[in-house]
Amino acid sequence: MATKRGKRAAKIVDPEKENATDGAGIIPMPLKKAAVKPKALTVNNISLEEELETMTKTLKQMSIEKEESEARLKLKEDELQAKAAEAERINEQLKLSDEGKKKLEEKLRKLQKLKEFQPTLSLGMPLPSDDMAKKKKKNSNRLKKPKSAFLLWSKEQRQAVSEEHPNASFAEMSAIMGEKWKSVSEEERKPYLERYQIEKDIYLKLVGQEKREAEALKLLHEEQSKKQGQELLEQYLAYKKQGQPWLCRKEKDPLKPKHPTTAFFAFCNSRRPALLEAKTRIPEIGKILGEEWKALSDARRVPFEKIAATEKTRYAAELEAYKISKAEESIAAEKELEEKVKLEKVHALQLFKQKEKTDQAKKLMKDLTKEKKKAKEQAKDPNKPKKPLSSYLIFSMEMRKILDEEKPGMTFAEMNALIALKWKETSDKQIWNDKAAAAKERYTAEMEEYNKDAVMT
């Protein structure tokens with residue numbers, strides 16, 4: 001079957017001219033037609049190029065989706081790891097909280113056990129803390145700092161200045177007074193300066209005395225705390241040895257008046273014996289009394305209300321007398337406390353004087369030792385060779401020069417710490433040991449020469 005190409009060729013070539021020859025008897029060859037570009041192959045009306053482009057796009061899309069899915073998986077893994085870490089941290093916290101709870105329970109158990117222990121100690125007066133001193137109200141008898149010469153002068157001159165400048169504020173007045181004080185001559189300032197100096201000397205003397213008393217009291221309380229600690233330990237050991245818990249109920253004041261009876265309680269006191277005789281159960285007695293009191297008329301309540309009023313009057317009188325007695329006792333206690341403080345101060349000053357004598361003796365001994373050492377150093381021969389340095393000292397001297405250049409702002413302590421660290425990290429210490437050995441040999445030779453010269457002289 002002829003192809004399309006064959007048909008096209010048949011149309012081009014003329015059959016009459018196909019066997020014709022030119023004059024030379026040569027059969028002319030048919031002229032070749034220009035090559036025709038073949039059309040692209042098609043499969044089901046879709047070209048291969050289009051299919052290839054489609055597949056490329058699909059592959060790109062799949063690779064993008066793969067990358068996105070991998071990123072999502074990584075995020076999921078990170079979230080799971082974070083959740084696992086959080087769960088582990090929570091478990092650790094729970095463990096720690098359980099341990100803390102156990103410790104608190106153990107501490108509470110010990111405190112409950114110690115609650116039964118009631119030591120009997122004669123406690124001294126505690127020293128006031130800084131916080132208490134700040135919170136405490138200002139004492140009118142406290143020492144006041146002396147006023148300066150300027151303040152003494154301005155106190156006298158303020159009235160005249162305020163008359164000259166009636167509308168001036170406090171700050172403006174202070175500025176005016178300061179300018180006037182600058183123009184005051186030395187002779188006019190002299191009496192204020194002398195007065196200030198006298199007051200200052202008195203103040204410093206009193207402050208010094210107060211400081212001395214405070215130091216003495218501190219020393220006394222330190223000794224008292226040591227004794228109290230020993231006494232407390234002995235009492236606790238005796239308590240543990242005894243093995244019987246001491247009752248630690250709060251003691252009531254036997255002199256304090258009892259609270260007055262109310263009308264209802266007066267009714268209960270009168271009605272309870274009859275109910276007990278009738279063998280009524282105790283839990284039911286309260287209910288019966290409450291119901292009967294509610295059902296009682298106002299007329300029948302009058303006697304019980306009178307009893308309550310009498311009790312109230314009695315309680316008020318007794319409470320007033322009790323308060324007066326307590327006030328007197330507190331005044332007496334304050335006086336006793338003042339006397340105790342005075343005695344403590346005397347005792348404290350005696351202890352402080354003893355401490356001062358001991359400190360003075362120690363200081364004398366220290367000064368004597370220093371003088372002997374100084375005399376010994378002065379007696380040393382300057383020509384005597386100096387002892388050789390160790391390998392570490394030679395290393396530190398070299399490193400110090402380097403560090404001074406590299407880190408000029410370092411402190412002495414920081415530099416020493418860094419040198420010590422570098423010495424530990426140094427692997428080849430033999431170099432420095434050799435230098436130290438050479439220095440030692442040189443020192444030995446110098447000492448032999450020095451001793452020879454000393455024998456000859």
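Predicted model: local features only at pLDDT ≥ 70, side-chain atom pairs only at ≥ 80, totals over all residues.
At what angle do helix α8 and α10 pack? The answer is about 115°, with the two axes 8 Å apart.

## The chain as a whole

Let's step back for a moment to the overall picture. The protein chain contains 13 helices and 2 strands. Of its 457 residues, 14% are buried. Its accessible surface comes to about 40000 Å², and carbon and sulfur atoms contribute 57% of that area.

Contacts across the sequence are worth a look too. Among the contacts in the protein chain with a separation of 6 or more, 72% join residues 24 or more positions apart.

## Where α8 meets α10

Back to the opening pair. Helix α8 covers residues 263-277, and helix α10 runs over residues 298-379. α8 passes α10 in a right-handed crossing. On the α8 side, the residues that meet α10 are Ala263, Ala266, Phe267 and Ser270. Their partners in α10 are Phe304, Glu305, Ile307 and Ala308.

Pro260 sits in the loop between α7 (186-242) and α8. With a relative accessible area of 28%, Pro260 is partly exposed. Setting aside neighbours within four places in sequence, Pro260 is in contact with Glu311, Lys312, Arg314 and Tyr315.

Further along α10 you will find Ser325. Ser325 is partly exposed, at a relative accessible area of 27%. Ser325 and Leu255 are 70 residues apart in sequence, and 9.8 Å separates them from C-alpha to C-alpha.

Lys279 deserves a glance at its backbone: its phi is positive, at about 60°, although it is not a glycine. Lys279 lies in the loop between α8 and α9 (282-295). Since its relative accessibility is 75%, Lys279 counts as exposed.

Helix α9 has 14 residues and reaches 20 Å from its first C-alpha to its last, close to the 20 Å expected at 1.5 Å a residue. Its buried residues are Ile285, Leu289 and Trp293. Viewed down the axis of α9, they fall within an arc of 60°, so they line one face of the helix. Cover for the buried residues of α9 includes α8 and α10. The face of α9 turned away from that buried side carries the exposed residues Pro283, Lys287, Glu291, Lys294 and Ala295.

## The crossing of α5 and α6

Another helix pair to inspect is α5 (residues 149-164) with α6 (residues 170-183). Their axes come within 10 Å and cross at roughly 115°. Here α5 passes α6 in a right-handed crossing. From α5, the contact is made by Ala149, Phe150, Trp153, Ser154, Gln157, Arg158, Val161, Ser162 and Glu164. From α6, it is made by Met173, Ile176, Met177, Gly178, Lys180 and Trp181.

Now for α12 (residues 412-425), a helix of 14 residues. Its first and last C-alpha atoms are 20 Å apart, close to the 20 Å expected at 1.5 Å a residue. Met415, Leu418, Ile419 and Trp423 are the buried residues of α12. They line one face of the helix, because they fall within an arc of 140° when seen down the axis of α12. On the other side of α12, Ala413, Lys424 and Glu425 are exposed. The elements covering the buried residues of α12 include α11 (391-406) and α13 (430-456).

How many residues does α13 have, and what span goes with them? There are 27 residues in α13, which should span 39 Å at 1.5 Å a residue; its end C-alpha atoms are 39 Å apart, which agrees. The buried residues of α13 are Trp432, Ala436, Ala439, Tyr443 and Met447. Among the elements that cover them are α11 and α12.

Methods. Residues numbered from 1 in each chain as written. Heavy atoms only, no water. Helix = DSSP H or I, 4+ residues; strand = E, 2+ residues; numbered from the N terminus. Buried < 20%, exposed > 50% of the residue type's maximum accessible area, 1.4 Å probe, protein only. Contact = heavy atoms within 4.5 Å. Areas by Shrake-Rupley, 256 points an atom, 1.4 Å probe, with all protein chains shown as cover. Expected span 1.5 Å × (residues − 1). Arc of directions from axis to C-beta. Axes fitted to C-alpha atoms, helices over the stretch in contact; angles between N-to-C directions. Left-handed = near helix turned anticlockwise from the far one by under 90°.
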